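Trainee: Could you walk me through reading a structure like this one, feature by feature?
Mentor: Gladly, let's take a look together.

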Amino acid sequence: MPELDSVILSRMLTTLTLAFHIIFATIGVGVPVMISIAEFIGVKRNDPYYLLLARRWTRGFVVTVAVGVVTGTCIGLQLSLLWPSFMEIAGQVISLPLFMETFAFFFEAIFLGIYLYTWDRFQKPIYHWLLSIPIVIGSSLSAFFITTVNAFMNTPQGFTLEERTITGIDPISAMFNPATPSKVFHVLSTSYMTSAFILATITALAILKGKKGEYEKKALNLTMITAFVFSLLSFVAGDVSAKFLAEHQPEKLAAGEWHFETEKGADLILFGTLNEDGEIENEIRIPKLLSFLSFNDFDAEVIGLNEFPEDERPPLWIHYMFDIMVSIGVYSLLISFLYLIFMKWKKSLLYNRLFLWLIAIAGPLTMIAIEAGWIYAEVGRQPWILRGYMKVAEGATTSEHVGLMFILFFALYSALAIICAIVLRKMFKNNPAEAELEFRFKT
């Protein structure tokens, strides 16, 4: 077991914060899209059920935004406290996207406040729906700017480093580095997909408890149809990401795929284990697929991990993170596609208890996939904090108090999780959809 020095503790605390924050960040990016879609359908069809969906989802969304603000602030604080050497160099380059991320959040928050307090204030409801567009734009822009920071850490550019002096700073070039397109596409599409499945999970559980009204049926239809669309987008994003890795971070791709020797027509390896001699066992091999995923050519040459110095190779266990991410992605696509088939040809199976349970677990599973994907992305960059320029051990603090900080932040996140769960439960348990629908639209 490694000694818990300041570097290990800094990594542990950063992991704790990001793993907790990413839950609320994902919801914060994806749920506004679902709210906007629901209200638009409700306005165009003059359907009170979809309008109620938008109202109720908005109330729950506001609670998660509040928690996300706290955890997001913690990330900004920890960047300076835990990684001072990294910020000394990179801080000048990434200050623009960090500022713009804050601006995007405030832009979103302003329109969210207006949106909340102007329900039923317009003669034409479409005007209220228009207020949801800036919220969607703000939340997605917030994800875009913070993702460019992470992308910069993977493919840094836009500066010149002479020893520890940084010159020639070009923040626009740094933001739009080679990793930005694939990472932003992947973050946005998976956030939309995961949020759709989380809302579908909530609806499926309600139906399993006996609530089978029109409200629940329309909620399930909307969430599962959008989940299918966003699942398709996520698979395209995954393909784009694989091609980016093959070109710009071949060591991460090789470690994640257990591809050790450079060869043409490389196999894609799924699952499996490594024995004491480093040989792969119990795997599923798909001939030449890694070459195709990397370069759209079944006979293309893929660089093996053995081409890189041992001290610059990512840990091999990230392969399991890739397996988890891809397996859940396939599950989400299949379950949403199956729902569409049942909608068209076998509606009686839509509310089968087994099928509803398969939907109900999709939300938590997709969030696990988000976590696994993030771990794959971050650990796959190891040992670098700024690839090619600074290793993690060089960027960490030397403070002796990181252990105490870890305990305090763990307590904070535990309290936030409990409070958030209690508030959301009380908010909706004592205010069933049927009663609210009766009050708002039939009186």
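Mentor: Let's begin with a cut-off: a residue is called buried under 20% relative accessible area, exposed over 50%, and partly exposed in between. Keep in mind that this is a predicted model.

Trainee: Thanks. Is D120 buried or exposed?

Mentor: D120 has 61% relative accessibility, so it counts as exposed. R55 is buried, because its relative accessible area is 8%.

Trainee: How do I read salt bridges, and how many does the structure hold?

Mentor: The general idea is that side chains of opposite charge can pair when their charged atoms come close. Here there are nine salt bridges. One of them joins R55 and D120, with the closest N and O atoms 2.6 Å apart. That pair links distant parts of the chain, 65 residues apart: R55 sits in helix 2, while D120 is in the loop between helix 3 and helix 4.

Trainee: Which residue forms a salt bridge with K391?

Mentor: That is D311, and the closest N and O atoms of the pair are 3.4 Å apart. D311 belongs to the loop between strand 6 and helix 11, and K391 to strand 8, 80 residues apart. At 21% relative accessibility, K391 counts as partly exposed.

Trainee: Which residues are linked in a network of salt bridges?

Mentor: D267, E283 and R285. Within it, R285 and D267 have their closest N and O atoms 3.6 Å apart. R285 lies in strand 5 and D267 in the loop between strand 3 and strand 4.

Trainee: Now strands. What should I look for?

Mentor: In a regular strand, side chains alternate between the two faces of the sheet. In this model, strand 4 and strand 5 pair in the antiparallel sense over six bridges. I269 has R285 of strand 5 as its bridge partner. Five residues lie between the strands of this hairpin, where G278 takes a positive phi near 75°.

Trainee: Why is helix 9 largely enclosed by the rest of the structure?

Mentor: Check burial along the helix: eight of its eight residues are buried, so helix 9 is largely enclosed by the rest of the structure. Just after helix 9, W258 takes a positive phi of about 50°.

Trainee: Last one: which residues gather in a patch of positive charge on the surface?

Mentor: K209, K211, R425, K426 and K429. K426 lies in helix 15, and its relative accessible area of 54% makes it exposed. There is also a negative surface patch, formed by E261, E263, E301 and E307.

Technical notes:
Residues numbered from 1 in each chain as written. Predicted model: local features only at pLDDT ≥ 70, side-chain atom pairs only at ≥ 80, totals over all residues. Heavy atoms only, no water. Patch = residues over 30% accessible without salt bridge, like charges linked within 9 Å, V, L, I, M, F, W, Y side chains within 5 Å. Areas by Shrake-Rupley, 256 points an atom, 1.4 Å probe, with all protein chains shown as cover. Salt bridge = Lys/Arg side-chain N within 4 Å of Asp/Glu carboxyl O. Lys, Arg positive; Asp, Glu negative; His and termini not counted. Charge placed at Lys NZ, Arg CZ, Asp CG, Glu CD. Pairing = 2+ DSSP bridges. Helix = DSSP H or I, 4+ residues; strand = E, 2+ residues; numbered from the N terminus. Buried < 20%, exposed > 50% of the residue type's maximum accessible area, 1.4 Å probe, protein only.
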